Amino acid sequence: MSETASLGFIGLGVMGSGMCANAVKKHGAPLHAFDMNAEALRAQVDGGARGAASVAEVARVASVVFLSLPGGKQVRAVCAEIAAHAAPGAVVIDLSTTAVAEARDVADLLAAKGIAFADAPVARTRQAAIDGTLSIMVGADPELFARIEPLLRYMGSDVTHCGAVGCGQVVKLINNTLLFEQVAALAEMFVVAERAGVAPAKLVEAVSLGSGDSFALRNHGLKAMVPRAFPAKAFPMAYTLKDLGYTIELAEEMGVEPRLPRLAAEYYQAAIDQGLGESYFPGVIEVVDRR
């Protein structure tokens, strides 16, 4: 994809803001940004983006449009608007996390208008989005992937072609589900250890030297669950439950009984029911501790 291609970016939230800012800094042509939140849009304009008044405006002026939206419903609505206004030959790259079937349906919707589509959900943290060091899992045909990979590397240090459209979402959902299950398991074991006389920090120190070590232990366990620090505007319980729901749906479609995702979902639903829905998802330990 040419470095002179005009880019668009729709969705400037927790992850989208950092990704958009990196694209603005690293791309050699204008980037047209839009978000319903005027303050979020203003921050990108201050950083060099061109502010757009609507999705339609972005679609009309950008040859490649990135999306970073809350879920599949929003992605479909925005893509329907793009389909109505973008020129044939445009490309939509969805950085959001959606159901696999939703990604493939949107691809068909856009293809009918001559617009290419790739699902490219991202993993890692808000700081990684700011630093441009995300892991990006891409579903696209090989030719399209070769065209868009340089653009994705504005935002990610690791970009993996996972297969055809929808396969990026398959890998992202499995990645997230494994993490959510591990965090729920850590929540139980942290409470067990503390009640049995082992300090949480000491638990992490010792287990990280053994076969129970994991990314979740060293990051979510050490940085959030040990100090019991669960800020808002990190990855919240509601998003966790959404992604687990997508995985449960996918597993059932593939003929697999998703017992562990369902069990993890029960914990995160309980956290939401207890008023923790906006908190960072490792706060699920509070649900275990209250029982």
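Which loop holds S96? The model is predicted: local features need pLDDT of at least 70, side-chain atom pairs count only at pLDDT 80 or more, and totals for chains, interfaces and linings use all residues. Residues are numbered from 1 along each chain as its sequence is written, and side-chain values use heavy atoms, without hydrogens or water.

**View 1. S96 sits in the loop between β5 (91-94) and α5 (100-111).** Helices (H or I, at least four residues) and strands (E, at least two) are DSSP runs, numbered from the N terminus. S96 is buried at 3% relative accessibility. Buried means under 20% relative accessible area, exposed over 50%, partly exposed in between (1.4 Å probe, protein chains only). The side chains of S96 and D94 form a polar contact of 2.6 Å. Such a contact is a pair of N or O atoms within 3.5 Å; within protein, one must be able to donate a hydrogen and the other to accept it, and residues adjacent in sequence count only if both atoms are side-chain atoms. Beyond four places in sequence, S96 touches L67, S68, L69, V75, P121 and Q169. Contact means heavy atoms within 4.5 Å.

**View 2. Strand β2 (residues 31-34) is covered on both faces.** L31 and A33 are buried on one side, H32 and F34 on the other. In a regular strand the side chains alternate between the two faces of the sheet. β2 pairs in the parallel sense with β1 (residues 7-10) over 4 bridges, and with β3 over 2 bridges. Pairing requires at least two DSSP bridges between the strands. H32 stands opposite G8, and its bridge partner in β3 is R50.

**View 3. G47 lies in the loop between α2 (38-46) and β3 (50-51).** G47 is exposed, with a relative accessible area of 51%. The C-alpha atoms of G47 and K25 are 8.2 Å apart, although 22 residues separate them along the chain.

**View 4. The largest nonpolar core has 34 residues.** A core joins buried Ala, Val, Leu, Ile, Met, Phe, Trp, Tyr and Cys residues through side-chain atoms within 4.5 Å. F66, L95, V138 and L152 have the most contacts inside this core. Helix α7 (residues 142-152) gives the largest share, 5 residues.

**View 5. Helix α9 (residues 200-207) buries P200, L203 and V204.** These residues lie on the same side of α9, because they cover an arc of only 95 degrees around the axis. The arc is taken from the directions from the helix axis to the C-beta atoms. The buried residues pack against α8 (167-195) and α10 (215-225).
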